[in-house]
Amino acid sequence: MIEQRATRGRCAVADRRLPAGSPVPRFSGLPYACCPLPSQRERVCGRCFAQAPAAPGCLLRCSKCRWARYCSRECQAGDWQRHKRECRTLASKGGELLRLDDAPVADLLLLGRCAWRRHDASSPDDEDAAFDALETSRPTESDRALARFATTLPGLLPPSCDAGDATRLLSQFRVNNFGVTNELLSVVGAGCYPPAALLNHSCAPNAVLYYEGSRLEVRTCRDVDAGEELCHSRAAQLRERYGFECACVRCSGGRRSDEWRQDVDAAMEAPHPSLGEADCADVAAATAAAHAVWYEAEGRCLSAALLCGDNAAALECCRALVSFLEAALAHVPAHALLALQRFTLCDLELESGDAAEARRQMEACAEAVAISYGAKSALRAAARERWEELMSGGS
Ligand SMILES: [Zn+2]
Ligand SMILES: [Zn+2]
Ligand SMILES: [Zn+2]
């Protein structure tokens, strides 16, 4: 349910006790509108976001614009009502749009889809009302520029939607929309999910977002009491794209954020950058930034080591990454990022002859995946199967 709280504003609240791994249907569901990222359009169905099983080229292609791809005739027919407007734009301007970055083009297509859907709603339903109620933010210069560009694209926007309306919608997208990820947490599309947008951000979240194709599911990642606010972490998205400053308990200082920083430093076994007399919030922000750089670099080392077949180096990197994530995500032990890293570590530990450690990692992976992806997910089945193999002494 939704409540107004004095210190938090509008917030999503659990109306009953929810054990870890519970889906929360009130905030889950299909998007108001969505589109694959331009760079992913040959691999992802434009309607349901099913991924092409093999090489690009096995999805059906819209013969008019040659841009949109679908997994089946049903998806193609089902999407036509939404696709027919942008199809004109893509047929004439597709080549031009492909020279731009993914994010602005995805924003443009999503803008068109949302604006047309709202325009076509002769009597607004609950979903339209939730869309209208999306929180607004101050438009930026780039919102305005993109909106002006949108009005020059033939058919992209309904006639009633001018540059001002488009600017307002784009500024709403910036604070409300999510990148839609696949099972391995790569962003494959952009979507507008008004009910889930009601969840506030926290760096110590009790909920995670999981996508099944384009359908979003909000799941609790730890036990949540009735009356507790449901929050998920949008820190990376918000900080990188929008210069957002978090005011939650971890970021705004206090004991917990200090403890967290020490744990992370210990895990990294590296000296902490000198920060001087900054206030607590700045310390947390700078720490997170320095760690993010290290984390990304270590991740690249791991990929390189795996590519070269240097298993010893890969094992070292992967162990460091898992220790880092265990500390950094101590408040969300079921985090999908940590689970995926454990999956890799299991193979590397086994390769190096430590079957007991491999089993331990896969067991932790399977447990986390059951919570953040769901007990019936394909990844959970894979982790479970792998773990059973390990228990029976196979590899
Ligand atoms: Zn499909
Ligand atoms: Zn088309
Ligand atoms: Zn925070």
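1. The donor residues of the zinc ion (ligand 1) follow the sequence pattern C-x2-C-x22-C-x3-C. Within this set, C48 sits in the loop between strand 3 (33–36) and strand 4 (60–61) and C75 in helix 1 (residues 73–98), a pair 27 residues apart that links distant parts of the chain. Helices (H or I, at least four residues) and strands (E, at least two) are DSSP runs, numbered from the N terminus.

2. The model is predicted: local features need pLDDT of at least 70 and side-chain atom pairs pLDDT 80 or more, while totals for chains, interfaces and linings use all residues. Residues are numbered from 1 along each chain as its sequence is written, chains are lettered from A and ligands numbered from 1 in the order written, and side-chain values use heavy atoms, without hydrogens and water.

3. C45 (SG), C48 (SG), C71 (SG) and C75 (SG) coordinate the zinc ion (ligand 1) at 2.3 to 2.4 Å. Donors are N, O and S atoms within 2.8 Å of the metal (3.2 Å for Na, K and Ca); water is not among the atoms, so sites may look incomplete. The 4 donor atoms subtend angles of 106 to 112 degrees, which makes the arrangement tetrahedral (four donors, all angles between 85 and 135 degrees). The ideal angle for four tetrahedral donors is 109.5 degrees.

4. C62 is in the loop between strand 4 and strand 5 (69–70) and C87 in helix 1, so the pair ties together parts 25 residues apart in sequence.

5. Helix 2 (residues 102–120) and helix 4 (residues 141–152) have axes that come within 11 Å and cross at roughly 60 degrees. Axes are lines fitted to C-alpha atoms, for helices over the stretch in contact, and angles run from 0 to 180 degrees between N-to-C directions. Helix 2 is thus oblique to helix 4. P104, D107, L108 and L111 in helix 2 meet L146, F149 and A150 in helix 4 (contact: heavy atoms within 4.5 Å).

6. Helix 11 (residues 355–372) packs against helix 12 (residues 378–391) at about 155 degrees, with axes 9 Å apart. The two helices are therefore roughly antiparallel (angles over 145 degrees; under 35 is roughly parallel, 65 to 115 roughly perpendicular and the rest oblique).

Technical notes
Tetrahedral: all angles 85-135°; square planar, octahedral: opposite > 155°, others 65-115°.
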